[in-house]
Amino acid sequence: MIALDFSLLRRGEQAAAGAGLSSLLILALGCLLAGIHLEWLFGLVGLLLLAIFAVVTMAEQYVTLAFLVLATAGLGFAAYRAMR
């Protein structure tokens with residue numbers, strides 16, 4: 001399944017970030033299902049991967065906003081230092 005996901009990346013039908021996130025989601029689901037059917041520790045790893053997936057997708061939405069806030073703060077600090 002992951003090979004199919006990366007073949008879409010190679011053909012240009014999917015962006016690199018999208019391919020990475022969908023691969024992470026596939027691995028999380030696989031680990032979660034292995035945890036249900038094989039050993040409970042795989043389930044914990046699957047839940048951890050799902051939590052990482054959720055954090056990364058939320059963080060990706062706010063990267064531009066965070067950059068703008070930090071750039072504005074840096075310019076304000078530089079202006080303050082220059083005037084002082």
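**Figure 1. Contacts and overall make-up of the chain.** Of the contacts in the chain between residues at least 6 apart in sequence, 31% join residues at least 24 apart; contact means heavy atoms within 4.5 Å. The model is predicted, so local features need pLDDT of at least 70 and side-chain atom pairs count only at pLDDT 80 or more, whereas totals for chains, interfaces and linings use all residues. Residues are numbered from 1 along each chain as its sequence is written, and side-chain values use heavy atoms, with hydrogens and water left out. The chain holds four helices and zero strands, in the order α-α-α-α along the sequence. Helices (H or I, at least four residues) and strands (E, at least two) are DSSP runs, numbered from the N terminus. The accessible surface of the chain is about 6500 Å², and 76% of this surface belongs to carbon and sulfur atoms. Accessible areas come from the Shrake-Rupley method with a 1.4 Å probe, and for residues only the protein chains shown count as cover.

**Figure 2. Confidence along the chain.** The predictor's confidence in each residue is given as pLDDT, from 0 to 100. The chain has a mean pLDDT of 78, with 77% of its residues at 70 or more. Where pLDDT is low, the predicted coordinates should not be read in detail.

**Figure 3. The largest nonpolar core.** Five residues make up this core: Leu21, Leu24, Ala28, Leu49 and Phe53. Helices α2 (16-37) and α3 each supply at least two of the core residues, and α2 gives the largest share, three residues. A nonpolar core is a set of buried Ala, Val, Leu, Ile, Met, Phe, Trp, Tyr and Cys residues joined through side-chain atoms within 4.5 Å. Buried means under 20% relative accessible area, exposed over 50%, and partly exposed in between (1.4 Å probe, protein chains only). Of the 84 residues of the chain, 15% count as buried.

**Figure 4. Surroundings of Leu49 and Leu27.** Leu49 lies in helix α3. Not counting residues up to four places away in sequence, Leu49 touches Leu24, Leu27, Ala28 and Cys31. Leu27 is found in helix α2 and is partly exposed, because its relative accessible area is 44%. From Leu27 to Leu50, 23 residues apart in sequence, the C-alpha to C-alpha distance is 9.0 Å.

**Figure 5. Leu21 and Val56.** Leaving aside neighbours within four places in sequence, Leu21 is in contact with Phe53, Val56, Thr57 and Glu60. Val56 belongs to helix α3 and counts as partly exposed because its relative accessibility is 34%. Leu21 and Val56 are 35 residues apart along the chain, and their C-alpha atoms are separated by 8.4 Å.

**Figure 6. A nonpolar surface patch.** Trp40, Leu41, Leu44 and Leu47 make a patch of about 440 Å². Patches are made of residues with over 30% relative accessible area and no salt bridge, like charges being joined within 9 Å and nonpolar side chains (Val, Leu, Ile, Met, Phe, Trp, Tyr) within 5 Å. A salt bridge is a side-chain nitrogen of Lys or Arg within 4 Å of a carboxyl oxygen of Asp or Glu. Leu41 lies in helix α3 (residues 40-61) and, at 44% relative accessibility, counts as partly exposed.
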